[in-house]
Amino acid sequence: MVELRREDGVMESVATAGGRPWLRGGDAVLAAGLIMVAVQLVWKAGLVNRTYFRQDDFMFLARGLENGFTWDYLMRVDYGHLMPGAFAIHWALGRLGVHNDVLAHVLTLGLQAAAGLALLRLLWVLFGPRPAILVPFGFALVTPMTISGLSWWAVVAETLPFQIALPMALASHVLCVRTGRLRHAVAAAAWTAFGMVFFVKAPFIPVLAFVLTVGWLGGARRLLRVWALYLAVLVPYAVLFLHQLLTTVQLTRQTSPISLPSAEVAAKSVWTLLTGSLIPTALGGPWHWQPIGEDYALAATPAPLMWASLAVAVAAVAVSVRLRRRAWLAWVMLLGYFLLADVAPIMLGRIELLGPDLSGYELRYLSSTAMVVAIVIGLAFIPVAGEPEPWLRPIGPLRMAWAPLAAVVAVSSVWSVAAYADRPLGRNVKSYVETAESALARMPAGTVVLDAYVPEKVAFPLFFYDYARHSKVVDPAARHRVTWTRRLAGPISVPRMFDAQGRLRPVRLTGTTIPAGAACRPVGGTEVRFPIPAPPAGGEQVVQISYLNGEATTLEVRMGLARTSVPAGANLGITYATLDGGGPELALRTVGGGTTCVGEIRVGVPAADETAAAVPPQPVER
């Protein structure tokens, strides 16, 4: 026989034989859930292990190394994101090896496992240990909605702790409603606070709890102490967030802008994010990806599949509303969360920077929403434990109609994830960074290295400014003995520069040469002008001057309206001057007396000399 017992507010089925329990009904479900988590980790480990730090990861690691573990460091709002927990992780990770991607991968998989177990607990508590909960649980484990976020360390450190906090808080809230024990409410509030330490969407957890209570749990009015407790957590957070948002100075030297897009842009962004990202990925899409560099991609759902997904979603919603009591409220809860937690933050600033197309197909904005979708699927199709009269009408032949759809979604999800993984991911960026680190380690102490920007595949200078320079990306802890310089100035013996593969080579100016004559040309206190064969159009130009001095002197270098002074040492040598501007001729004179004899002069832009020996000879392959 099968009987039901209530333990701590949770319905539990127990199979008995001869009056004695021989198998708890939930044991098989629990075992299946644990196996699913393990299989998911093995599957996703293949992708995670191929990723590496990217873009703002390098900025966050550098900032962690630059700052102490202080309030100002932790409470900085980064373009609308208050995430002291994530900053704490970056701070610690930088001190445990700087670019320790192995540790980052272990943390990623550990957090992913914890998020899966937390969702399993919520589904178990909410619906009871019935096999049906494995369907929404399986969706959350395989959906491609989370894949792009899982391949980006900064997103992992921000969203995965939230994906643990959300189901844990809701599970504790459900237990609080069913048992009336305040300790469960305290646990729910604590988990909400934990989520808010990492992610700005965490304040919506109590909103989900409220809808869940009104729709399926009952007793919302008798939970006044619980709602007051939640408000005691939310209000201070809201005040702190707004204060930090309006006062934090961004890399642009401005505070975070708060602006609303036009109605047309807003509508297009919402429609794209809903129909091009959320709905297709909920059904196993997007099936096709638009690469952004080598290590990331946006959803690129083909139009026919987008419309097919929309039709399937409408049909699924219609069937659930026809059969399941209050299924409509589940879908309204998902839509409300999507608009408030996913769309609203984008509208308050990022849409102006990214545009509706780029933001609409950016799945990292939806990665944490997979948890909510799984919960809503359960509420729309599975009776809550102890729920009276959950069905509006008999299910009949539709009882197993979900099986083929679930199979198609699962296969499509695996296909989409495999399509995402079919790219270099972090291999080339890791090769560049590790090659550059190896090159710095081989340089003699005092070697001058031009601190230029890294390639865009590593970090975009347009977004990260000084944090996209080599000194911040490949040597943020300043462990190497080289001398970094952003402008070549004065006598330098063989300055170095990174090539496209991360190797160090001597600097060579790409531009024009003013050749030396039969003998060097004397330059004294009166300005001597040298016509430039191919005058530069403008911008920052470097001048390399070969000279022969009897004693050290100072040279004033002028090109057009730009001028600067640089030292020139005794004997034979080379000095550099960097000017902002251009002109048809270069003018030199000595400052403070003395004479120098000038030979070959080069004017141009610094570049790594591809004809010279590289250090190391070969890049680090990955």
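Cys520 is partly exposed, with 32% relative accessible area (partly exposed lies between buried, under 20%, and exposed, over 50%, with a 1.4 Å probe and protein chains only). The model is predicted, so local features need pLDDT of at least 70 and side-chain atom pairs pLDDT 80 or more, while totals for chains, interfaces and linings use all residues. Residues are numbered from 1 along each chain as its sequence is written, and side-chain values use heavy atoms, without hydrogens and water.

Q: Which residue forms a disulfide with Cys520?
A: A disulfide here is a pair of cysteine sulfur atoms within 2.5 Å. The sulfur of Cys520 has a partner 1.8 Å away. That partner is Cys597.

Q: Is the disulfide of Cys520 and Cys597 right-handed or left-handed?
A: Look at the torsion about the S-S bond, which is about 100°. The disulfide is therefore right-handed.

Q: Is Cys597 buried or exposed?
A: Cys597 has a relative accessible area of 14%. Buried means under 20%. So Cys597 counts as buried.

Q: Is Cys176 buried or exposed?
A: The relative accessibility of Cys176 is 2%. With that value, Cys176 counts as buried.
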